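Please look over the sequence and the structure shown below before reading on. The report that follows moves from single residues to the overall form.

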Amino acid sequence: MMIVTGVLLFCGDPVAFYNSIFFKVKMLMLLLAGLNVWLFNATVGRKVAEWEIDAETPGRAKAAAVVSLVLWVAIVAAGRAIAYSLPPP
């Protein structure tokens, strides 16, 4: 649902959104968040069954979680900043 509404919002004034630095930063961070998920699933995520045996969560899994949280907070902040960087109607 968020993809659909985001695309519809972008279609309202694509030139203004594309010219916003916050829009470009948000799209870059979305790409990095997707890369983080892919990298996690391709490496550490394959061994989730082994996590129940070990007493501690692997460091790489913790690092992926921290990167994910930081990226999503930054994505939300950049999304909010887009509205303040657009020219008035």
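A residue is called buried when its relative accessible area is under 20%, exposed when it is over 50%, and partly exposed in between, with a 1.4 Å probe and protein chains only. This is a predicted model, in which local features need pLDDT of at least 70 and side-chain atom pairs count only at pLDDT 80 or more, while totals for chains, interfaces and linings use all residues. Residues are numbered from 1 along each chain as its sequence is written, and side-chain values use heavy atoms, with hydrogens and water left out.

The secondary structure consists of five helices and zero strands, where helices (H or I, at least four residues) and strands (E, at least two) are DSSP runs numbered from the N terminus. Along the sequence this gives the pattern α-α-α-α-α.

Helix α3 covers residues 21-42 and includes Leu-39; Phe-22 and Asn-36 are also placed in helix α3. The table lists the relative accessibility of these residues.

| Residue | Relative accessibility | Class |
|---|---|---|
| Phe-22 | 34% | partly exposed |
| Asn-36 | 13% | buried |
| Leu-39 | 46% | partly exposed |

Because its relative accessibility is 34%, Phe-22 counts as partly exposed. Leaving aside neighbours within four places in sequence, Phe-22 is in contact (heavy atoms within 4.5 Å) with Ala-78, Ala-81, Ile-82 and Ser-85. Phe-22 and Val-73 are 51 residues apart in sequence, and their C-alpha atoms are 14 Å apart in space.

Asn-36, by contrast, is buried at 13%, and beyond residues up to four places away in sequence it touches Ala-64, Val-67 and Ser-68. A polar atom of the Asn-36 side chain lies 3.2 Å from the backbone oxygen of Ala-64.

Leu-39 belongs to a nonpolar surface patch together with Leu-28, Leu-31, Leu-32, Leu-35 and Trp-38, and these residues have about 640 Å² of accessible area together. Patches are made of residues with over 30% relative accessible area and no salt bridge, with like charges joined within 9 Å and nonpolar side chains (Val, Leu, Ile, Met, Phe, Trp, Tyr) within 5 Å; a salt bridge is a side-chain nitrogen of Lys or Arg within 4 Å of a carboxyl oxygen of Asp or Glu.

As for the whole protein, the C-alpha trace spans about 60 × 20 × 15 Å along its principal axes.

Terms used. Areas by Shrake-Rupley, 256 points an atom, 1.4 Å probe, with all protein chains shown as cover. Polar contact = N/O pair within 3.5 Å; in protein donor to acceptor, adjacent residues only side chain to side chain.
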